[in-house]
Amino acid sequence: MAPVAPRSGDAIFANIERVNAELFTLTYGAIVRQLLTDLEEVEEVNKQLEQMGYNIGIRLIDEFLAKSNVSRCVDFRETADVIAKVGFKMFLGVTASVSNWDAEGTCCSIILEDNPLVDFVELPDTCQGLYYCNMLSGVIRGALEMVSMKTEVTWIRDVLRGDDVKLLKQVPEEYPYKDDECFMLKKIKISKHLFKDT
Amino acid sequence: MIGVGKIKQYTNVLDKPLTKGKQEVSLSAFAFLFSELVQYNQTQVDNIGELERRLEDAGYAVGARVLELLCHRDKGNRRETRLLGILSFVHSTVWKVLFGKVADSLEKGTEHEDEYMISEKELLVNRFISIPKDMGTFNCGAFVAGIVRGVLDGAGFPAVVTAHFVPVEGQQRPRTTILIKFAEEVLHREARLG
């Protein structure tokens, strides 16, 4: 069941103020570079990126809900759809797609074809364990936690690591009902495809 | 959809075609990212000078890359060799690409020969930032100062670049000025070139 009259991602994106994606990309690269210099351990950098993403996510959700007018999602499928179609479009200007639902409807893959974070990026051999876009997983986890959904977001495949497809998977743990205080964790793995048409 | 259309996988990032630079992200996404950058750096330093320096270093990396990108894409691999040329490149082209508009003004310093100022009523990076009183003269525009320093350094015009708040009468928020102080060798070279 679709939410009542939410604004589409395109409509919102057209109405908000925008900045050049390259400034965004380069600033993100500067952040990752600073983290690598400070922390030196790739695992630590991954964790720190996720934490920073989490901090962003818990504030981003307010803006998202305010601007997008989506009503409460009925189930997790809808949530994932809204994230992919409206959320990504609204903030990053790209649309994602959802696939690979498991039997219970608690685990799915979100596929990003175009990721502004990784323009111009190549991972050196010393950083092969780095999840360069780990901030995105943190953002999603933080945002969903604020709406009472504990999730785990992991990267399945990443084009920067040499796989030909980038995948983020979201596995949400139980979706809570309105009056329910407790919730179960769902795992989310996000998939990101990077396709280039000539 | 997956599998539809021709798929070309690039193994080397240098083989990928260069983007046209028209893609955009939301201002809030950038603002969130920048605030995380500042917050992270706050945890790593003890004083404001260090914080400004770290922001500037982050900006320096951005500036160096912006110079390469713009020279290749917009200027056909020609580079500026004259002082005024590079200043107007920063003031117009770089500002337009990064912030969507040319900088408000470019002025020559009256007191010193080697000083120039780029002014902006409200820097994009400072829009959602308020500085607490106890941080004194700290300005997150240090990031933009770093970008400018990166561009100038990469182009062969070493300089010291700082960001300052300049209070303006009649306005609640002060103007931001990026002060550029060129190294001596730049001025010597400029004088030689006539």
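**View 1. Burial across chain A.** Of the 198 residues in chain A of this predicted model, 56% count as buried (under 20% relative accessible area, with a 1.4 Å probe and protein chains only).

Some housekeeping: residues are numbered from 1 along each chain as its sequence is written, and chains are lettered from A in the order in which they are written. Local features need pLDDT of at least 70, side-chain atom pairs count only at pLDDT 80 or more, totals for chains use all residues, and side-chain values use heavy atoms, leaving out hydrogens and water.

**View 2. Helices 2 and 3 of chain A.** Helix 2 (residues 21-39) and helix 3 (residues 42-68) of chain A (DSSP runs of H or I, at least four residues) pack at about 135°, axes 9 Å apart (lines fitted to C-alpha atoms over the stretch in contact; angles run from 0 to 180 degrees between N-to-C directions). Residues in contact (heavy atoms within 4.5 Å) include A:Tyr28, A:Ile31 and A:Leu35 from helix 2 and A:Val45, A:Leu49 and A:Met52 from helix 3.

**View 3. Confidence in chain B.** Chain B has a mean pLDDT of 83 (the predictor's confidence in each residue, from 0 to 100), with 92% of its residues at 70 or more. Over residues 1-8 of chain B, pLDDT is below 50, though this stretch has 14 contacts beyond near neighbours in sequence.

Terms used. Buried means under 20% relative accessible area, exposed over 50%, partly exposed in between (1.4 Å probe, protein chains only). Helices (H or I, at least four residues) and strands (E, at least two) are DSSP runs, numbered from the N terminus.
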